[in-house]
Amino acid sequence: MTKIEKEHPSALRLAEVAEVFAGVGVSREETIERPGDKLPVIGVRDLQDGAVSPIGRLDTVGFHDRNRAISYAVRENDVLVTGRGTQLKFGLVGSETAGAVASGNVIVIRPKAPTIGGALFAILSSDVFRPKIEVLRRGATTLLSLSPKDLAKIEIDLPPVDEQQRIAALVTDTQTAYRTAIEAAEIRRALARRLIDARLFGTIKQL
């Protein structure tokens, strides 16, 4: 039995169950167009409602050192947290985002086996746990920063692995249902807009 699998493992630090690190910083020089050297980058705005934007919707950036940038590529089931910004936001990386590069404004929390990423996301983003992270954020203005080092020290209790798997499955099902509902609502709105335009102007816009 591993330490994580013991019942109610008190005083576990986040660093014991996951790697915690900030993404790669992007300099002005690296935003210059470089043919064949551009990579999709995850920024703060790409963390929405617990999900992370798919690669096709991410901005791309040209990196001077491609190999270094790739070392910050996210993996499926990584948990992302805003390291700098006005809001504390979370995201769980899915297959549609895996391989994109985390920017320096994003902290990557990569679960160590046997910890389950979906369960870790559920705990960290919960209304119960969120205030514990909020107090770690620092800044003189509304633009606050969170240190990966401070976050790694936070204490966390993990349920047994089988319960983590059940929680992760619930997270996945909930996010899938939410995204499906949002996409359906956007399609209905676009169709309604087309019908309204047709009645007003006798034209129909392409979707």
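Two strands pair if DSSP finds at least two bridges between them. Strands S6 and S8 meet that rule, with three bridges in the antiparallel sense. This is a predicted model. The chain has 207 residues, of which 40% count as buried. Its secondary structure comes to six helices and 11 strands. Among contacts between residues at least 6 apart in sequence, 74% join residues at least 24 apart.

**The six-stranded sheet**

- Six strands form an open sheet in the order S1-S10-S6-S8-S4-S3, and the pairing is mixed.
- Strands S1 (18-22) and S3 (47-48) stand at the edges. Each has a single partner strand, so one side of each has no neighbour in the sheet.
- S4 (residues 50-52) and S8 (residues 90-92) run parallel and are joined by two bridges. Gly50 stands opposite Gly91 of S8.
- S6 and S10 are antiparallel, with four bridges between them.
- Val79 has a partner in each of two strands. In S8 its bridge partner is Leu92; in S10, Ile109 stands opposite Val79.

**Burial of S6**

- In a regular strand the side chains alternate between the two faces of the sheet.
- S6 is covered on both faces. Val79 and Val81 are buried on one side, and Leu80 and Thr82 are buried on the other.

**Strand S2 and its partners**

- S2 (residues 38-42) is largely enclosed by the rest of the structure, because four of its five residues are buried.
- S2 pairs with S5 (residues 59-62) through four bridges, and these two strands run antiparallel. Leu39 stands opposite Val61 in S5.
- S2 also pairs with S9 (residues 101-102), here in parallel and through two bridges. Ile42 has Ala102 of S9 as its bridge partner.

- H6 covers residues 161-201, which is 41 residues. At 1.5 Å a residue the helix should span 60 Å, and its end C-alpha atoms are 59 Å apart, which agrees.
- The buried residues of H6 are Val161, Gln164, Ala168, Val171, Gln175 and Asp197. Their cover includes S4, S8 and H3.
- Gly202 follows H6 and has a positive phi, near 70°.

**Nonpolar cores**

- In soluble globular proteins, nonpolar side chains tend to be buried together.
- The largest nonpolar core has 25 residues. Those that touch the most other members are Leu14, Ile109, Leu120, Leu124, Ile133, Leu151 and Ile156.
- At least two residues of this core come from each of H1 (14-17), S1, S6, S8, S10, H3 and H5 (148-152). H3 gives the largest share, four residues.
- Leu124 touches Val79, Phe90, Ile109, Phe129, Arg130, Ile133 and Ile156, leaving aside residues up to four places away in sequence.
- Another core lies apart from the largest one and has 12 residues. Leu47, Val52, Val74 and Ala102 are among them.

**The aromatic pair**

- What is the number of aromatic pairs in the structure? There is one.
- The rings of Phe21 and Tyr72 have centres 6.5 Å apart. Their planes stand at 55°, so the pair is tilted.
- Phe21 lies in S1, and Tyr72 lies in the loop between H2 (66-70) and S6. The pair therefore ties together parts that are 51 residues apart in sequence.
- Are the two partners buried or partly exposed? The cut-off for buried is under 20% relative accessible area. Phe21 has 18%, so Phe21 is buried. Tyr72 has 21% relative accessibility, so Tyr72 counts as partly exposed.

Key: Residues are numbered from 1 along each chain as its sequence is written. This is a predicted model: local features need pLDDT of at least 70, side-chain atom pairs count only at pLDDT 80 or more; totals for chains, interfaces and linings use all residues. Side-chain values use heavy atoms; hydrogens and water are left out. The expected span of a helix is 1.5 Å times one less than its number of residues. Buried means under 20% relative accessible area, exposed over 50%, partly exposed in between (1.4 Å probe, protein chains only). Contact means heavy atoms within 4.5 Å. Rings of Phe, Tyr and Trp (its six-membered ring) pair if their centres lie within 6.5 Å; planes under 30 degrees apart count as stacked, over 60 as edge-to-face and the rest as tilted. A nonpolar core is a set of buried Ala, Val, Leu, Ile, Met, Phe, Trp, Tyr and Cys residues joined through side-chain atoms within 4.5 Å.
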